[in-house]
Structures are given as C-alpha cells and as structure tokens.
Amino acid sequence: MKFGIHNPSWLFGSGPDAIFEAVKEKAQRAEAHGFTWFSVMDHLIQIPGVGDADEPFMEGWTVLSALAAATSRIRLATLVSSVAYRNPAHLAKIAAGLDVISRGRLTLGIGAGWYEAEYQQYGWEFPARPAVRIRQMEEAIRVITAMWREKRATFHGQHFHVQDAILEPKPLQKPHPPIMIGGSGEQLTLRAVARLGNACNIFGDPETVRRKFEVLRRHCDTVGRNYDEIERTSLTGVLLARDEAQLQAKRERLNAPEPFRGFAVTVPQAVDLAGRYRDVGVHLMICSVYKNDAETLELLATEVMPRVA
C-alpha cells in the first residue's frame, strides 16, 4: 500500500502572502519522505467540517500548476473537481497542460459536486437531484477523454457539447491521465467508477471502505470491467502523536473537535489502522493532516509507512 497527502486547509500560521510557499514546502517534504501523492481540494471557499467559509482558500488548479514545477516525482491531483465548476472541454485543456508541466504526473479527480452554498455564491446552477449531477459528471468524463485522445473531438450529450474541438498538446500520459471519481454512492457513483473511472476514492473507516469495494466489484461484474484495473484509494483525516499524553496535549492545543473527523491516534494505533486499510484492499491511503500539523506528516513517514507499506 502506498501513502499520499491531501491538503484541505490553506492555514499555515502565516499571512496570505506566504500560503503558497507553505504548501510548496509541504508538497516537497511529502515527496522527500516517500509519499507518492499530493492532492488539493477543488473548491472556491472552505467547506464545513474543515474550516470557516471566509478563511483564505487557494484555487486548486492554479496551485497544482505551480507545484508541478516545484516537484519532480510525486503525483498531483485535485480531490476532487466538481463537474459544474468548469466547462469539461476547458477542464480537459487545463489538465492536459498540467500533465505536460508535471511531465506526466497528473491524476484528474472529478466528482458530481455537492456544496450547494458554493454553487449559489458563484452563480452555478445546482441540480437538486444527485442523479442529474452524476449524469453530468459521466458526460464530462466522456468529453474530457475524447479531447485527450482524438485529433478533433465531437460530442453531443444532454448537458455538454463540443464540435470538432482541438486540444494540443495532448497529455503526456497514454492513453490519458488517470481519472479518479470521488464519492461512494452505491447505486450511481460506484457504477460510474466501474464504467468510466481509473481510480475510486472512498471516505470512511476500514469496514465501510471494505463494503464499498464489494459494491464496486459487483458493478464491475455487471458491466464486464476488470475490478483489479481500478486503483482503490481511501481518504481519511489524521492527527498523530507518539503516545496518549502527547496526543491529548496536541488535541487541546489545536482545538481538535470531539468527535474527530477521521482518526486522532497514537503511532501504534496508526500502524494498526493503516494495516486494516491495506487488508481491505486499499492501494493508496491518502492522509488529510489536521491543521497542517507538521509532526503528523513526519510520524506518518518515519513511524507508520515503514511498518505498513
């Protein structure tokens, strides 16, 4: 099992003018420590449960483009881009450029979208029915892959249209960069993964993730897809300390909520937790470090990864 780092917060204890330097240092540190993945959220405002809506929040694709030039090995991704936030042909163009800049290290994370308040603030239409948003996502993926693979792409769907569209240069990865579909809805989202995804991303404890993987396998059987072709990833929030006393002190210092959104654990507990994710079939464990706690990233790299990966 591999390990990745997800960046959900742009608060690093410094002013807004230092945000990028801080996230660049975090990505470079993750790369140096052997993490294989670094992702950012693709939102325009902070989401509930992570921070305050009015706190500083960087645009994800802009940051990834800069990180592509500042790193050399780690895979870069959005986790995930809402289908509504960009015309899919334009998103295909943005993503292709980032794959070129990164020399083939992009994973395109995409989802159906959910944060209605954000849609309202930025003037996007929010279809109330999840099935509509998921159909939009499926059409968008078809547009994107056509733009990436065909000399001139034409697609006419219910929601999106392109006509004889040119996208050059193409992405470096062949046949195209991996597409990760975020979400764990059993009837529609995981079916979309079986049909169109190269990777899935599931949030939850190991038992929840195991059950979702079983549903995905059944969808793969139904559509004739090889389940083992799909990279299976899980995102979880983490806060680590060496022992219970240090963990309690850290929780108080960082004002960590109770219950914690993820796992606030000691190093031995983290080793056990990661092993359980590995045992249910997770290929990539993506860790969202609470409030950018530097010690948590260090402990993951030096104390957890060597015992589990």
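## Salt bridges, core and pockets: a chat

Modeller: Here is one to start with: arginine 195 and glutamate 138 form a salt bridge, with 3.5 Å between the closest N and O atoms. A salt bridge here is a side-chain nitrogen of Lys or Arg within 4 Å of a carboxyl oxygen of Asp or Glu.

Biologist: Where do arginine 195 and glutamate 138 sit in the chain?

Modeller: The pair links distant parts of the chain, 57 residues apart: arginine 195 is in helix H6 (residues 189-196) and glutamate 138 in helix H5 (residues 130-149). Helices (H or I, at least four residues) and strands (E, at least two) are DSSP runs, numbered from the N terminus.

Biologist: And what kind of model is this?

Modeller: This is a predicted model, where local features need pLDDT of at least 70 and side-chain atom pairs count only at pLDDT 80 or more, while totals for chains, interfaces and linings use all residues. Residues are numbered from 1 along each chain as its sequence is written, and side-chain values use heavy atoms, with hydrogens and water left out.

Biologist: Back to the pair. Is glutamate 138 buried or exposed?

Modeller: Glutamate 138 is buried, at 8% relative accessible area, whereas arginine 195 is partly exposed at 40%. The cut-offs are under 20% for buried, over 50% for exposed and partly exposed in between (1.4 Å probe, protein chains only).

Biologist: How many salt bridges does the structure hold?

Modeller: There are 17. In one of them, arginine 152 meets aspartate 164 at 3.4 Å, N to O. Arginine 152 lies in the loop between H5 and strand S5 (153-156) and aspartate 164 in strand S6 (residues 161-165), so this bridge ties together parts 12 residues apart in sequence. Arginine 152 is partly exposed at 44%, and aspartate 164 is partly exposed at 39%.

Biologist: Which helix holds both arginine 210 and glutamate 207?

Modeller: Both are in helix H7 (residues 206-223), three residues apart, about one turn of the helix. Arginine 210 is partly exposed at 27%, and glutamate 207 is partly exposed at 36%.

Biologist: Which residues are linked in a network of salt bridges?

Modeller: Asp42, Glu59 and Arg86 are linked that way.

Biologist: New topic. Which residues have the most contacts inside the largest nonpolar core?

Modeller: Phe3, Phe35 and Phe38 do, in a core of 85 residues. Its largest share, nine residues, comes from H5. Such a core is a set of buried Ala, Val, Leu, Ile, Met, Phe, Trp, Tyr and Cys residues joined through side-chain atoms within 4.5 Å.

Biologist: Which residues lie nearest its centre?

Modeller: Met41, Ile47, Trp114, Leu235 and Arg261, out of 43 lining residues. The lining divides into 21 nonpolar, 17 polar and five charged residues. Here Ala, Val, Leu, Ile, Met, Phe, Trp, Tyr, Cys and Pro count as nonpolar, Asp, Glu, Lys and Arg as charged, and the others, Gly among them, as polar.

Biologist: How much space lies in the second largest pocket?

Modeller: About 170 Å³. Its lining includes Lys2, Trp37 and Glu231, and divides into four nonpolar, two polar and four charged residues.

Methods:
1 Å grid on protein atoms, 1.4 Å probe; cavity = no way out; pocket = protein on both sides within 12 Å on 5 of 7 lines; lining within 4 Å. Points joined across faces, edges and corners; volume = space filled by probe spheres on them.
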